[in-house]
Amino acid sequence: VVGYMGPSVILATIAALLISVYPALLYAEMGAMLPYAGGTYQFASLGIGRAAGVLAGWNFIISLVAVTGGEALAFSYYFRTLLAAFDIALPISDVALAVAVTALFIIANVCGVRIAGRLQNGFMFFFWGVAAIWFLTMIPNINLPNFVEAPSFLPRDAEMSFAAGVCMIWWCFAGFEACVAMGEEIKYPRINIPRALFLAPFVVFAVNALFQWYLLAITPAQSLAALSTAQAPYAEAMKTAGILGLPLALLAAGIAFGGDFSTMNAAIATIPRYLFTMARDGVMPRIFARTGRFQTPYVAIITLGLLTMALVATDSLIYIASLSLFADLFYYVIGILAAWALRRRRPDLTRTYKAPFVAVGAPVSALIYLYMMTQLETSAFVTGIVWCVLGLAIYWWCTRGSGAAAPETPELSATG
């Protein structure tokens, strides 16, 4: 995106933050009100109807499966860069390495949420520790004029419009509400879920804006366009600026073992809970509701892990990103409308937090996200529609002859 937009990427990142804040408040209300596994699937099922809930959960699943696949490939690219900094050649393909690390995360998540949680803390501490060192070492390479003058090669009628750029950057914000999918496993969810969602969009913004600022600052103007097609854009920027050796290795290690691993781990932990809840309610095959001795939905974790590996095998970040964006946007539209509907249909539910101005904020947010869907390529729509049709077909097959199953979600008192 930086290669297409130049300095205006900072404004696009601010715009992506602004259109994420209000939906985060809606999810804070719903997550505290209905702190159950399944998140938007539960919210939409209760507020709009079971079919809408199934579509929301089904799109959430493929969205994060695609994110996991994309991060696995990104890890491979940056790990190869890390080894290359020390003149070591990676003996296996990027796809093979991505599949291998995906398998390791599947095993870790089958073994329990505590292991996954400890890994997540370790990845995040490593990422920010390395990032802080990298930021300091890059200060002498900052070129401030890059922020006020766009390179001459950038077309005035840009290949990527500002709206399309915002859409691509917003993809980094997608998943800000992931904690609501594990409501039954969070201590004091009615307090902690809103707190997490108040901060989530701003944390994502801080990370992305800071890295984009540095990416612009260190990249020579004549090399900026090359970033639009680079597999590892931050590494490519450093190479074009002549920054090699330890600083390049530090960046690659931080992104690969901190950024990519933390995203993969969180995604693999979250999406099986959606499939588990949908299976528990009888709208997906019951086999996905099975849990093992570690009390994790192991069948769902393994199945979605295999689907992730299939996407990795395409070795195409563009295809993966397009599929994920369609699913993300459609999923959030359903979730936003569910918040609006729950206010009208279920005013009796206990709300420890209430988002302001729902009658205006919810429909406006939904319209913004629908508009963003128009910025996607046709292939994203086709793939997304096929996925939705498949989900509805499975839902019909699971509920044929008996109608939708009664929800088996436990009462709040049973979850602690």
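Colleague: Hi! Before we dig in, what is the numbering, and what confidence is needed?

Modeller: Residues are numbered from 1 along each chain as its sequence is written. This is a predicted model, where local features need pLDDT of at least 70, side-chain atom pairs count only at pLDDT 80 or more, and totals for chains, interfaces and linings use all residues, while side-chain values use heavy atoms, with hydrogens and water left out.

Colleague: Great. How many helices and strands does the protein have?

Modeller: There are 15 helices and zero strands. Helices (H or I, at least four residues) and strands (E, at least two) are DSSP runs, numbered from the N terminus.

Colleague: And how much of it is buried?

Modeller: Of the 416 residues, 55% count as buried. Buried means under 20% relative accessible area, exposed over 50%, and partly exposed in between (1.4 Å probe, protein chains only).

Colleague: What about the surface, how big is the accessible area?

Modeller: The accessible surface comes to about 17600 Å², and 68% of that belongs to carbon and sulfur atoms. Accessible areas come from the Shrake-Rupley method with a 1.4 Å probe, and for residues only the protein chains shown count as cover.

Colleague: What share of the contacts links residues 24 or more positions apart?

Modeller: Among contacts with a separation of 6 or more, 81% are between residues 24 or more positions apart. Contact means heavy atoms within 4.5 Å.

Colleague: Let's go inside. Which residues touch the most other members of the largest nonpolar core?

Modeller: Tyr-27, Trp-134, Trp-170 and Tyr-369 do, in a core of 136 residues. A nonpolar core is a set of buried Ala, Val, Leu, Ile, Met, Phe, Trp, Tyr and Cys residues joined through side-chain atoms within 4.5 Å.

Colleague: Which helix gives the most to this core?

Modeller: That is helix α4 (residues 50–84), with 20 residues.

Colleague: How do α3 and α10 cross?

Modeller: The axes of α3 (residues 40–47) and α10 (residues 246–280) come within 9 Å and cross at roughly 40°. The two helices are therefore oblique to each other. Axes are lines fitted to C-alpha atoms, for helices over the stretch in contact, and angles run from 0 to 180 degrees between N-to-C directions. Angles under 35 degrees count as roughly parallel, over 145 as roughly antiparallel, 65 to 115 as roughly perpendicular and the rest as oblique.

Colleague: Which residues make that contact?

Modeller: Thr-40, Tyr-41 and Gln-42 come from α3, and Tyr-274, Thr-277, Met-278 and Arg-280 come from α10.

Colleague: New topic! Where is Asn-265, and is it buried or exposed?

Modeller: Asn-265 lies in helix α10, and at 1% relative accessibility Asn-265 counts as buried. Its C-alpha is 7.9 Å from that of Asn-109, which is 156 residues away in sequence.

Colleague: And Thr-308, buried or exposed?

Modeller: Thr-308 is in helix α11 (residues 298–312) and counts as buried at 2% relative accessibility. Setting aside residues up to four places away in sequence, Thr-308 touches Val-65, Thr-68, Gly-69 and Thr-102.

Colleague: Last one: which phi does Asp-87 have?

Modeller: Asp-87 has a positive phi of about 60°, although it is not a glycine. Most residues other than glycine have a negative phi. Asp-87 is in the loop between α4 and α5 (94–110) and is exposed, with a relative accessible area of 75%.

Colleague: What about Phe-357?

Modeller: Phe-357 also has a positive phi, about 55°, and lies in the loop between α12 and α13. At 69% relative accessibility, Phe-357 counts as exposed.
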